[in-house]
Amino acid sequence: MTSSKALPVSTPLLQKHFLLSRLHSLAGIVPLGAFLIEHLYSNAVALQGAFAYDKQVATLQGIPFVWLLEIFLILLPLLYHAGYGIYVSLLSSPNTRTYGYGSNWRFLLQRVSGIVTLLFVVYHVWSFRLKSAFFGTEVDFHAVSAHLLNPWIFAFYVLGVLSVTFHFTNGLWSGLITWGITTGPRAQQISGRILLVLFALLSVVGLGSMLAFV
(Lines give C-alpha, C1' and ligand atoms only; values in the text may rest on other atoms or scores of the structure.)
Protein backbone atom coordinates (compact mmCIF):
# COMPACT_ATOMS: atom_id res chain seq x y z
CA MET A 1 0.00 0.00 0.00
CA THR A 2 1.35 3.37 -0.96
CA SER A 3 0.63 6.58 0.91
CA SER A 4 -0.06 9.90 -0.75
CA LYS A 5 0.49 13.30 0.74
CA ALA A 6 -2.55 15.54 0.61
CA LEU A 7 -2.18 18.79 -1.27
CA PRO A 8 -2.60 21.93 0.80
CA VAL A 9 -6.08 23.38 0.59
CA SER A 10 -4.79 26.93 0.59
CA THR A 11 -1.96 28.24 -1.58
CA PRO A 12 -0.61 31.77 -2.01
CA LEU A 13 -2.23 31.93 -5.45
CA LEU A 14 -5.62 30.89 -4.10
CA GLN A 15 -5.28 33.29 -1.20
CA LYS A 16 -4.45 36.12 -3.62
CA HIS A 17 -7.45 35.27 -5.80
CA PHE A 18 -9.64 35.11 -2.69
CA LEU A 19 -8.55 38.60 -1.62
CA LEU A 20 -8.88 40.10 -5.09
CA SER A 21 -12.35 38.62 -5.60
CA ARG A 22 -13.49 40.00 -2.23
CA LEU A 23 -12.16 43.45 -3.12
CA HIS A 24 -13.87 43.18 -6.51
CA SER A 25 -17.18 42.37 -4.83
CA LEU A 26 -16.74 45.08 -2.20
CA ALA A 27 -15.92 47.75 -4.80
CA GLY A 28 -19.03 46.93 -6.78
CA ILE A 29 -21.38 46.86 -3.79
CA VAL A 30 -20.21 49.69 -1.53
CA PRO A 31 -18.75 52.73 -3.34
CA LEU A 32 -20.13 52.00 -6.81
CA GLY A 33 -23.47 50.76 -5.53
CA ALA A 34 -23.85 53.84 -3.33
CA PHE A 35 -22.95 56.10 -6.27
CA LEU A 36 -25.51 54.34 -8.47
CA ILE A 37 -28.29 54.96 -5.94
CA GLU A 38 -27.25 58.61 -5.57
CA HIS A 39 -27.03 59.06 -9.34
CA LEU A 40 -30.47 57.55 -9.91
CA TYR A 41 -31.88 59.83 -7.21
CA SER A 42 -30.28 62.95 -8.70
CA ASN A 43 -31.64 62.12 -12.14
CA ALA A 44 -35.07 61.41 -10.66
CA VAL A 45 -35.15 65.01 -9.43
CA ALA A 46 -35.78 65.86 -13.11
CA LEU A 47 -39.31 64.60 -12.56
CA GLN A 48 -39.86 67.82 -10.57
CA GLY A 49 -38.81 69.97 -13.50
CA ALA A 50 -35.79 71.71 -15.00
CA PHE A 51 -35.27 74.14 -12.12
CA ALA A 52 -35.16 71.37 -9.50
CA TYR A 53 -32.72 69.29 -11.57
CA ASP A 54 -30.38 72.20 -12.25
CA LYS A 55 -30.40 73.03 -8.54
CA GLN A 56 -29.48 69.41 -7.71
CA VAL A 57 -26.60 69.47 -10.20
CA ALA A 58 -25.32 72.76 -8.77
CA THR A 59 -25.46 71.30 -5.25
CA LEU A 60 -23.38 68.29 -6.25
CA GLN A 61 -20.86 70.39 -8.17
CA GLY A 62 -20.56 72.70 -5.17
CA ILE A 63 -19.31 69.96 -2.84
CA PRO A 64 -15.79 70.91 -1.61
CA PHE A 65 -13.05 68.83 -3.27
CA VAL A 66 -15.66 66.92 -5.27
CA TRP A 67 -12.97 65.84 -7.73
CA LEU A 68 -11.14 63.98 -4.95
CA LEU A 69 -14.32 62.12 -4.06
CA GLU A 70 -14.84 61.26 -7.71
CA ILE A 71 -11.30 59.90 -8.05
CA PHE A 72 -11.07 57.84 -4.85
CA LEU A 73 -14.70 56.79 -4.37
CA ILE A 74 -15.77 56.36 -7.99
CA LEU A 75 -12.96 56.27 -10.56
CA LEU A 76 -10.46 54.00 -8.78
CA PRO A 77 -13.06 51.47 -7.56
CA LEU A 78 -14.59 51.48 -11.06
CA LEU A 79 -11.24 50.84 -12.75
CA TYR A 80 -10.44 47.98 -10.39
CA HIS A 81 -13.92 46.46 -10.56
CA ALA A 82 -13.98 46.63 -14.35
CA GLY A 83 -10.41 45.45 -14.80
CA TYR A 84 -10.68 42.46 -12.52
CA GLY A 85 -14.12 41.65 -13.93
CA ILE A 86 -12.70 41.54 -17.47
CA TYR A 87 -9.83 39.34 -16.23
CA VAL A 88 -12.24 36.86 -14.64
CA SER A 89 -14.45 36.89 -17.75
CA LEU A 90 -11.51 36.01 -19.99
CA LEU A 91 -10.62 33.04 -17.77
CA SER A 92 -14.18 31.73 -17.51
CA SER A 93 -16.28 29.87 -20.07
CA PRO A 94 -20.08 29.89 -19.66
CA ASN A 95 -21.78 26.51 -20.11
CA THR A 96 -25.41 27.54 -20.53
CA ARG A 97 -25.84 25.26 -23.55
CA THR A 98 -24.83 22.21 -21.58
CA TYR A 99 -26.20 23.18 -18.18
CA GLY A 100 -29.15 25.52 -18.34
CA TYR A 101 -29.32 26.20 -14.64
CA GLY A 102 -30.31 29.63 -13.40
CA SER A 103 -26.92 30.26 -11.80
CA ASN A 104 -25.16 29.63 -15.12
CA TRP A 105 -27.42 32.11 -16.89
CA ARG A 106 -26.83 34.60 -14.09
CA PHE A 107 -23.10 34.14 -14.56
CA LEU A 108 -23.32 34.72 -18.32
CA LEU A 109 -25.68 37.71 -18.07
CA GLN A 110 -23.48 39.26 -15.39
CA ARG A 111 -20.51 39.21 -17.76
CA VAL A 112 -22.52 40.52 -20.73
CA SER A 113 -24.17 43.27 -18.68
CA GLY A 114 -20.75 44.17 -17.26
CA ILE A 115 -19.37 44.84 -20.75
CA VAL A 116 -22.42 46.87 -21.77
CA THR A 117 -22.28 48.76 -18.47
CA LEU A 118 -18.61 49.62 -18.95
CA LEU A 119 -19.23 50.97 -22.47
CA PHE A 120 -22.25 52.92 -21.25
CA VAL A 121 -20.42 54.43 -18.27
CA VAL A 122 -17.44 55.47 -20.40
CA TYR A 123 -19.74 57.19 -22.91
CA HIS A 124 -21.85 58.79 -20.19
CA VAL A 125 -18.84 60.09 -18.25
CA TRP A 126 -17.35 61.52 -21.43
CA SER A 127 -20.61 63.21 -22.43
CA PHE A 128 -21.45 64.80 -19.09
CA ARG A 129 -18.27 64.95 -17.01
CA LEU A 130 -15.12 65.02 -19.11
CA LYS A 131 -16.47 67.30 -21.84
CA SER A 132 -17.61 69.67 -19.12
CA ALA A 133 -14.21 69.56 -17.42
CA PHE A 134 -12.14 69.92 -20.61
CA PHE A 135 -14.28 72.19 -22.77
CA GLY A 136 -16.54 73.93 -20.26
CA THR A 137 -19.68 72.30 -21.66
CA GLU A 138 -22.72 73.19 -19.58
CA VAL A 139 -24.45 70.33 -17.78
CA ASP A 140 -28.06 71.19 -17.09
CA PHE A 141 -31.57 69.97 -17.79
CA HIS A 142 -31.67 71.32 -21.34
CA ALA A 143 -28.27 69.81 -22.22
CA VAL A 144 -29.38 66.36 -21.05
CA SER A 145 -32.71 66.79 -22.83
CA ALA A 146 -31.01 67.68 -26.11
CA HIS A 147 -28.70 64.69 -25.70
CA LEU A 148 -31.54 62.21 -25.17
CA LEU A 149 -33.69 63.57 -28.01
CA ASN A 150 -31.44 61.62 -30.38
CA PRO A 151 -33.36 58.31 -30.75
CA TRP A 152 -30.18 56.22 -31.08
CA ILE A 153 -28.67 57.74 -27.96
CA PHE A 154 -31.97 57.31 -26.12
CA ALA A 155 -32.10 53.61 -27.10
CA PHE A 156 -28.48 53.16 -25.98
CA TYR A 157 -29.32 54.79 -22.65
CA VAL A 158 -32.28 52.47 -22.16
CA LEU A 159 -29.98 49.49 -22.73
CA GLY A 160 -27.34 51.07 -20.49
CA VAL A 161 -29.71 51.74 -17.60
CA LEU A 162 -31.09 48.19 -17.71
CA SER A 163 -27.55 46.76 -17.86
CA VAL A 164 -26.36 48.88 -14.93
CA THR A 165 -29.31 48.04 -12.68
CA PHE A 166 -29.15 44.33 -13.55
CA HIS A 167 -25.39 44.16 -13.08
CA PHE A 168 -25.67 45.81 -9.67
CA THR A 169 -28.59 43.75 -8.33
CA ASN A 170 -27.33 40.45 -9.74
CA GLY A 171 -23.86 41.26 -8.41
CA LEU A 172 -25.42 41.99 -5.04
CA TRP A 173 -27.09 38.56 -5.14
CA SER A 174 -23.76 36.81 -5.77
CA GLY A 175 -22.07 39.14 -3.27
CA LEU A 176 -24.38 37.93 -0.51
CA ILE A 177 -23.19 34.40 -1.30
CA THR A 178 -19.55 35.46 -1.55
CA TRP A 179 -19.63 37.08 1.88
CA GLY A 180 -21.39 34.08 3.46
CA ILE A 181 -24.68 35.85 4.15
CA THR A 182 -26.95 33.64 2.03
CA THR A 183 -25.39 30.20 2.29
CA GLY A 184 -28.32 27.87 1.63
CA PRO A 185 -30.50 27.37 -1.47
CA ARG A 186 -33.59 28.70 0.33
CA ALA A 187 -31.84 31.92 1.40
CA GLN A 188 -30.44 32.39 -2.10
CA GLN A 189 -33.88 31.90 -3.61
CA ILE A 190 -35.44 34.48 -1.30
CA SER A 191 -32.65 37.01 -1.88
CA GLY A 192 -32.99 36.42 -5.63
CA ARG A 193 -36.67 37.34 -5.53
CA ILE A 194 -36.05 40.42 -3.39
CA LEU A 195 -33.27 41.64 -5.67
CA LEU A 196 -35.41 41.00 -8.73
CA VAL A 197 -37.91 43.47 -7.25
CA LEU A 198 -35.06 45.89 -6.55
CA PHE A 199 -33.90 45.54 -10.16
CA ALA A 200 -37.40 46.42 -11.36
CA LEU A 201 -37.65 49.42 -9.03
CA LEU A 202 -34.24 50.84 -9.95
CA SER A 203 -34.98 50.32 -13.65
CA VAL A 204 -38.31 52.13 -13.36
CA VAL A 205 -36.60 55.04 -11.60
CA GLY A 206 -33.84 55.22 -14.21
CA LEU A 207 -36.11 54.95 -17.24
CA GLY A 208 -38.71 57.27 -15.69
CA SER A 209 -36.04 59.90 -15.19
CA MET A 210 -35.04 59.64 -18.84
CA LEU A 211 -38.62 60.23 -19.91
CA ALA A 212 -38.70 63.36 -17.75
CA PHE A 213 -35.95 64.84 -19.94
CA VAL A 214 -37.70 64.13 -23.23
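**View 1. The largest nonpolar core of the predicted model.** This core comprises 22 residues. Tyr53, Val144, Leu148, Tyr157 and Phe213 are the members with the most contacts inside the core. Two or more residues each are supplied by α2, α3 (50-61), α5, α6 (141-148), α7 (151-178) and α8. Helix α7 provides the largest share, namely seven residues.

**View 2. The surroundings of Phe213.**

**View 3. The packing of helix α2 against helix α8.** Helix α2 spans residues 31-44, and helix α8 spans residues 185-213. The two helices pack at an angle of about 35°, and their axes are 8 Å apart. Their crossing is left-handed. On the α2 side, Ile37, Leu40, Asn43 and Ala44 take part; they meet Leu202, Val205, Gly206, Ser209 and Phe213 of α8. Six residues of this contact are nonpolar and three are polar, while no charged residue is present.

**View 4. Thr117 in helix α5.** Thr117 belongs to helix α5, which covers residues 102-135. Thr117 is classed as buried because its relative accessible area is 13%, below the 20% limit for that class. A polar atom of the Thr117 side chain lies 2.7 Å from the backbone oxygen of Ser113. When residues up to four places away in sequence are not counted, Thr117 touches Ser163, Val164 and His167.

Note on methods. Residues numbered from 1 in each chain as written. Predicted model: local features only at pLDDT ≥ 70, side-chain atom pairs only at ≥ 80, totals over all residues. Heavy atoms only, no water. Axes fitted to C-alpha atoms, helices over the stretch in contact; angles between N-to-C directions. Helix = DSSP H or I, 4+ residues; strand = E, 2+ residues; numbered from the N terminus. Left-handed = near helix turned anticlockwise from the far one by under 90°. Contact = heavy atoms within 4.5 Å. Nonpolar A, V, L, I, M, F, W, Y, C, P; charged D, E, K, R; others polar. Buried < 20%, exposed > 50% of the residue type's maximum accessible area, 1.4 Å probe, protein only. Polar contact = N/O pair within 3.5 Å; in protein donor to acceptor, adjacent residues only side chain to side chain. Core = buried A, V, L, I, M, F, W, Y, C linked by side-chain atoms within 4.5 Å.
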